[in-house]
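Hi,

Here is the structure for you to look at. My notes on the fold follow below it.

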Amino acid sequence: MEYSKSYTVKDEHIDVQNIMDGLYYPFYMEYCRHDFIKEVLGFDFEEEARNGVNMALSKYSLQFVRSLKQGDQFIVTCSPMLDKNNKSVLHFRQTIMLNNKVVTKAVFSGTCVKASGGRPYLPENLLEKLAGAPEWDGEL
């Protein structure tokens with residue numbers, strides 16, 4: 001279940017070296033991941049927050065392979081993975097691709113927590129939509 005979206009590097013994201021500042025790579029991945037979560041998994045962050053359910057990142061690991069430059073048109077991918085040891089954690093393997101080459105790869109991990117407190121969990125409707133998703137192997 002891979003999802004992807006296309007983006008173009010914004011001029012204001014270019015640093016003094018004429019490449020995209022490293023700060024922005026996770027932002028583009030977030031845009032793609034949030035769209036996937038809403039469009040495919042049906043989890044609307046705003047609506048769920050109003051209902052007292054917050055989805056939050058717990059960690060991420062990112063590896064830079066090459067740099068994006070001003071005006072580059074690139075693709076961000078997002079694939080969900082279940083955690084084999086912890087049913088309350090969801091992982092997203094993501095890449096930024098330019099001309100079919102990996103620019104950046106990452107895994108973002110998160111969970112849901114009730115605004116009122118309590119233990120982390122994944123709502124049943126999310127787990128149902130993720131049935132059959134691969135388990136995370138711990139690799140980027």
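A strand here is a DSSP run of E of at least two residues, numbered from the N terminus. With that in hand, Asn 99 is found in the loop between β4 and β5. Keep in mind that this is a predicted model.

The sheet comes first. Five strands form it, and it is open. The order is β1-β3-β4-β5-β2, with antiparallel pairing. The edges are β1 (3–8) and β2 (53–64). Each has a single partner strand, so one side of each is left without a neighbour in the sheet. From one strand to the next, the twist averages 25°.

Next, the pairing at β1. Its partner here is β3 (residues 73–82), joined in the antiparallel sense over six bridges.

Then the helix. α1 covers residues 25–39. It lies across β1, β2, β3, β4 (90–98) and β5 (101–114). Relative to β1, helix α1 runs at about 140°.

What is phi at Asn 99? The value is near 55°, positive in a residue other than glycine. For Asn 100, phi is near 65°, again positive and again not in a glycine.

Asn 99 has 65% relative accessibility, so it counts as exposed. Asn 100 is at 75% and therefore counts as exposed too.

Best wishes

Technical notes: Residues numbered from 1 in each chain as written. Predicted model: local features only at pLDDT ≥ 70, side-chain atom pairs only at ≥ 80, totals over all residues. Heavy atoms only, no water. Pairing = 2+ DSSP bridges. Helix = DSSP H or I, 4+ residues; strand = E, 2+ residues; numbered from the N terminus. Axes fitted to C-alpha atoms, helices over the stretch in contact; angles between N-to-C directions. Contact = heavy atoms within 4.5 Å. Buried < 20%, exposed > 50% of the residue type's maximum accessible area, 1.4 Å probe, protein only.
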